[in-house]
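Open your viewer and get ready to select residues.

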Amino acid sequence: MTQHQTADLTQAVLDRIDPNADPRFTQILTAVVQHAHALIREVDLKPDEWMSAIQFLTRVGQTCDDKRQEFILLSDTLGISMLVVALEQARRSAAALADATATQKPTEATVQGPFYWEGSPVLPLGSDIGEGMPGEPAYYSGRVTDTHGRALANCCVDVWSGDGEGVYDMQLGDEAGMRLRARFYTDEQGGYRFWSIKPTYYPVPADGPVGDMLRAMGRHPNRPGHVHMMVYAKGHVPLTTHLFAADSPYLDSDAVFGVRDSLIVPYDKHAPGTAPDGRVMKQAYHTAHYDFALAPAAA
Ligand code: BEZ
Ligand code: FE
């Protein structure tokens with residue numbers, strides 16, 4: 001095929017799209033075909049290389065089951081999930097970012113990850129979800145406000161994390177049930193507080209094709225220590241984010257590119273004694289403080 005004929009091939013594929021197809025579908029599929037053909041021309045892809053790619057994607061699909069989503073992991077580790085999250089947040093927060101009267105920016109979003117479990121228990125403020133779990137105790141507190149600093153009362157703060165050894169309940173098999181996760185509702189001042197553990201870094205699942213890809217790229221599979229939070233209140237853009245421990249390894253090389261500087265939080269370590277909520281701690285503990293700001297939802 002000549003250069004001219006290979007260019008015709010791209011157009012020939014595009015010409016087969018039904019002019020009555022959904023316009024957004026047509027826009028996306030047109031870009032997929034154009035970019036894929038351009039990539040193949042750029043690297044002059046060989047048949048055996050394309051076959052390796054097909055075998056890799058086949059293994060990615062075969063590794064998925066009801067607990068494991070290797071395609072999402074592929075998207076995460078190639079930075080695609082984080083790019084989609086960042087674009088969506090920029091779009092949904094545009095009005096708040098353009099509001100000259102706003103006193104704070106909306107809290108930055110990051111990836112949800114595969115370990116969110118809907119329907120965790122609703123617990124009173126101040127509860128301990130880390131009791132008996134591996135890891136050092138940590139007291140989390142802060143406020144949720146809008147971008148004008150006004151308290152958001154009765155706002156849900158849905159929290160989940162791995163334990164102090166980096167293991168999530170969902171990785172422990174069906175019998176383990178939920179642990180280290182709960183929903184809290186803010187008080188009249190927008191305040192939230194609870195006890196859990198200080199999370200540690202952990203590897204994303206690396207025993208499948210995505211792990212092979214990371215090793216071939218010379219990359220490690222680790223995520224820095226973090227607590228996941230989903231924060232939502234009526235009339236505001238829901239926020240899915242993390243708090244990252246400021247002293248964790250891998251903050252500058254998160255396997256899924258989720259770290260934002262604004263989400264890095266110091267965990268202050270305290271000797272045994274009376275904690276800020278009056279609890280008498282027999283062991284050393286940490287405190288982590290973070291205030292969230294939610295953007296107003298579009299009318
Ligand atoms: C997580 O933080 O839970 C996570 C995110 C992306 C891939 C794997 C795990
Ligand atoms: Fe996580």
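Is Asn154 buried or exposed? Select Asn154 to begin: it counts as exposed because its relative accessibility is 58% (buried means under 20% relative accessible area, exposed over 50%, partly exposed in between, with a 1.4 Å probe and protein chains only).

A word on what you are viewing: this is a predicted model, where local features need pLDDT of at least 70, side-chain atom pairs count only at pLDDT 80 or more, and totals for chains, interfaces and linings use all residues. Residues are numbered from 1 along each chain as its sequence is written, and side-chain values use heavy atoms, leaving out hydrogens and water.

**Stay at Asn154.** Asn154 sits in the loop between strand S1 (137-146) and strand S2 (156-160). Strands (E, at least two residues) and helices (H or I, at least four) are DSSP runs, numbered from the N terminus. Most residues other than glycine have a negative phi. Asn154, not a glycine, has a positive phi of about 60 degrees.

**Next, select Asp44.** Here is another non-glycine residue with a positive phi, near 50 degrees. Asp44 belongs to the loop between H2 and helix H3 (47-63).

**Now go to Ile28.** You will find Ile28 in helix H2 (residues 23-43). Ile28 counts as partly exposed because its relative accessibility is 44%.

**Finally, zoom out.** Colour residues 1-45 as domain 1 and 70-294 as domain 2; these bounds come from an automatic or database domain assignment. The centres of domain 1 and domain 2, taken over C-alpha atoms, are 40 Å apart.

Notes. Chains lettered and ligands numbered in written order.
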